[in-house]
Amino acid sequence: MKFKLMYLMLAALLMAGTPAMADSQEEMMNQFIDQLMAKMTVEEKIGQLNLMPAQTITTGAEKDSPLLKLAAEGKLGAILNMKGYKDILEAQEMAVKKSRLGIPLLMGLDVIHGYETIFPIPLAQSCSWDLEAIEQGARIAAKEATADGICWAFSPMVDIALDARWGRIAEGNGEDPWLGSRIAEAMVRGLQGNFGKENMMACVKHYALYGAAEAGRDYNTVDMSHVRMYNQFFPPYEAAAKAGAGSFMSSFNVVDCVPATANEWLLTDVLRKQWQWNGFVTTDYGSIGEIIKHGLGDLQQASAMSLKAGTDMDMCAEGFINTLAQSLKEGKVTMLDIDTACRRVLEAKYKLGLFDDPYRFLDPRRRASDILTPAHRQAARDMAAKTFVLLKNDGKLLPLKKQGKIALIGPMADSRINLSGTWAPTAVPDKYITLKEAMEQALKGKAELNCAQGCNFTNDQTLQIAGGFYHQTPFGDAAKLKQEAIAIAQEADVIVCAMGEEAEMSGECSSRASLEIFDAQKELLEELLKLGKPIVLLIFAGRPTVMTWEQAHIPAILNVWFGGSEAGDAICDIIFGDKVPSGKLTVSMPQTTGQEPLYYNQLPTGRPVGEGMDSFAKFSSNYLDVRNDPLYPFGYGLSYTTFNYSDISLNGRTASVTVTNTGDYEGDEIVQLYIHDVAASISRPVKELKGFQRIHLKKGESQEVKFEITDDLLKFYNAHLDYVLEPGDFEVMIGPDSSLKNMKKTVLTIK
Ligand code: NOJ
């Protein structure tokens, strides 16, 4: 504990008679870091800016880095992708005991939707619209990860994504900036708490605009106006920054033709000066090296530009460690540039308490007691049930009765490795049960369950292998698989189809040019339909799926995304009616892939067609071959019960409706508020979500739901990028989803 004494002496000195606790703590931190930096060589300072990968987990092009040697030499500030108490302890000991100054390492990892207890993928979680549950999920993930030595999460991912072809839509919170901002704040709170032993530092990513890749192709070019950035894409990053996120990750893409990692306007002017944020910025995996490919110079140039722009840590490109000293000699960077970045990294370590105790997150007792606990698993199960979106339920087919003969068919029916979804590198699938196993338990002694895989994920074996990336699903004999499925279906009273994508068909580098259900699964569905039995379709996916044919032919469709380690049980909770579905879409679901990018909060055009228009209109903004509306709109999701909305009553700035449960179950409703600025100095979206409330109503019960329409909800960034409230009329809409046909409307006039 080289630092403990220095740390405690400073604390005692500053606590005596200092009025503002926060200020005194900051002063104490600054003094501590001043003293430490005074002892550091240039090489040691640059070493703090170096983040290198371990080989335990792969999330980028592999590298064989002599991590322990670097740590001992003081040439390493942080490690990513190391899982396992023993290895982490060894690396930390190397830095603390062997390096000259004993500065501890940050241990970072993609803790995206859980550690070993896996929560639903982030896109699914957003469909719960349950901020407390999302915060709790992040808190649990942090508790488990810190029990295993990890103190820095590459999460939350808050990129707005409008194009479902982009596989990483799975990792974000959908298409809405207001909801995305609230979720970003909840995630930061959940992960970081007050930086106690069970909290970790958040890393907000991918700053900025990564979700706007052209044509939905990952890592592709991004280009948009500043007005659009500020109004539609920046809000969640800003919200996370203001919630106190400790670090940010720059994105791979260009912003205004400059790679984000080397973009001074983005990293310094906006993030630090405008938003007053004071954490540290890491690059994404190898980003500095990619600047060369973007065409801005060699590694030395790319590294110097990045540092000067406001990047503090280099993830895996080895640009900082290998070129900054030379750039300093040549005057391409200054000592102040290096000092500033080094200070920010040291501050993060300080805030995490690593100077007080470098082994703070290496308590072997916690490893045994805090991971994959029954309470954590229950929270994940409860959360998962809230994320499923009931898209169709003709004739009240769902919930199913636990009786008779049920056939469970499809490539997801008994898949263990795909259940958690993308970005679950620390999952332990052997400890989770499959949907089939969960259904067997749920139906034991009550109904007969038969299960068959039925088909491969796709008829294209190459595609199935590419989509399997981390976990391959064996490619089976299609004719045999089908035969088995038809045999059990013929005997069944009801068929439950578990279909969709493999886990890694969404996520990083998993763009798709076609969003339909894969051929093999569609063919099987058609065959099963011919049997004339009731069919429930469960769709597993990390993105919106095109289901126009399914909507027309299958009586019940439940979108279950990827529900995490407890998905099997959670699906049973819903399909057998122990819980009532309440999830609502946070992405528009298209009728066909060609509609993408598709999002509800679009700008009006000069030649609009009305929402719900059911035929082609020449010289208007529409397609010859498909209507503009989504198949299922943003905010949409059915329940087993029904809700009635009264008209809006407007009292000053308070808009209220009375919502009544008119159906046969008690259940949750997500009541949504939208606003449209009728006339403004720039064109404004046709509607924008500005509030919601999740309410619980018993059968027949009514509740008044009130929304206070504050100035902030009406403001926007104008053509000069000033955040303004322009007086005039605002349409106020309240309803169960974003479609006009379901909304109640009124007008609020601001003088
Ligand atoms: C690349 C991904 O873009 C990013 O999200 C992730 O955090 C890093 N790799 C580290 O694994």
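This report describes the sheets, helix packing, domains and backbone details of a predicted model.

## The eight-stranded parallel sheet

Eight strands form an open sheet in the order S9-S6-S5-S4-S3-S2-S1-S10, and their pairing is parallel. At the edges are strand S9, residues 280-282, and strand S10, residues 314-315, each of which pairs on one side only. Helix H15, spanning residues 335-351, packs on this sheet and touches S3, S9 and strand S5 (201-207), while the direction of H15 makes about 105 degrees with that of S9.

Within the sheet, strand S3 (residues 106-109) is joined to strand S4 (residues 152-153) by two bridges in the parallel sense. One of the residues involved is leucine 109, whose bridge partner in S4 is alanine 153.

## The four-stranded antiparallel sheet

A second open sheet contains four strands, arranged in the order S21-S20-S25-S26 with antiparallel pairing. Strand S21 (688-697) and strand S26 (744-750) stand at its edges, and because each has a single partner strand, one side of each is left without a neighbour in the sheet. From one strand to the next, the twist averages 20 degrees.

The pairing of strand S25 (residues 728-735) with S26 is antiparallel and runs over seven bridges. In this pairing, valine 732 stands opposite threonine 746 of S26.

## Packing of helices H8 and H10

Helix H8, residues 177-192, packs against helix H10, residues 235-242, at an angle of about 25 degrees, and their axes are 8 Å apart. Since angles under 35 degrees count as roughly parallel, H8 is described as roughly parallel to H10. The crossing in which H8 passes H10 is right-handed.

On the H8 side the contact is made by Pro177, Gly180, Ser181, Arg182, Ala184, Glu185 and Val188, and on the H10 side by Pro235, Pro236, Ala239 and Ala240. Taken by class, the residues of the contact of H8 with H10 comprise seven nonpolar, two polar and two charged.

## Packing of helices H18 and H23

Helix H18 (residues 435-443) and helix H23 (residues 567-575) also have their axes 8 Å apart, here with a packing angle of about 50 degrees. That angle makes H18 oblique to H23, and the crossing of the two helices is right-handed.

From H18, the residues Leu435, Ala438, Met439, Gln441 and Ala442 meet Gly568, Asp569, Ile571, Cys572 and Ile575 of H23. The residues of this contact between H18 and H23 divide into seven nonpolar, two polar and one charged.

## Packing of helices H7 and H17

The axes of helix H7, residues 131-146, and helix H17, residues 374-387, come within 10 Å and cross at roughly 145 degrees. In this case H7 passes H17 in a left-handed crossing.

The residues of H7 that make the contact are Ala133, Ile134, Gln136, Ile140, Lys143 and Glu144, and those of H17 are His376, Ala379, Met383 and Lys386. By class, the contact of H7 with H17 is made up of five nonpolar, two polar and three charged residues.

## Domain arrangement

The division of the chain gives domain 1, covering 377-575, and domain 2, covering 641-751. The centres of domain 1 and domain 2, taken over C-alpha atoms, are separated by 35 Å.

## Backbone details in loops

The bond from tyrosine 207 to alanine 208 is cis, with omega near 5 degrees, and alanine 208 lies in the loop between S5 and helix H9 (226-233). The bond joining leucine 398 and proline 399 is likewise cis, with omega of about 0 degrees, and proline 399 is placed in the loop between strand S11 (389-393) and strand S12 (405-409).

A further backbone detail concerns leucine 372, whose phi is near 50 degrees, a positive value in a residue other than glycine. Leucine 372 is found in the loop between helix H16 (364-369) and H17.

Note on methods: Residues are numbered from 1 along each chain as its sequence is written. This is a predicted model: local features need pLDDT of at least 70, side-chain atom pairs count only at pLDDT 80 or more; totals for chains, interfaces and linings use all residues. Side-chain values use heavy atoms; hydrogens and water are left out. Two strands pair if DSSP finds at least two bridges between them. Contact means heavy atoms within 4.5 Å. Axes are lines fitted to C-alpha atoms, for helices over the stretch in contact, and angles run from 0 to 180 degrees between N-to-C directions. Angles under 35 degrees count as roughly parallel, over 145 as roughly antiparallel, 65 to 115 as roughly perpendicular and the rest as oblique. A crossing is left-handed if the near helix is turned anticlockwise from the far one by less than a right angle, and right-handed if clockwise. Ala, Val, Leu, Ile, Met, Phe, Trp, Tyr, Cys and Pro count as nonpolar, Asp, Glu, Lys and Arg as charged, and the others, Gly among them, as polar. Domain bounds come from an automatic or database domain assignment.
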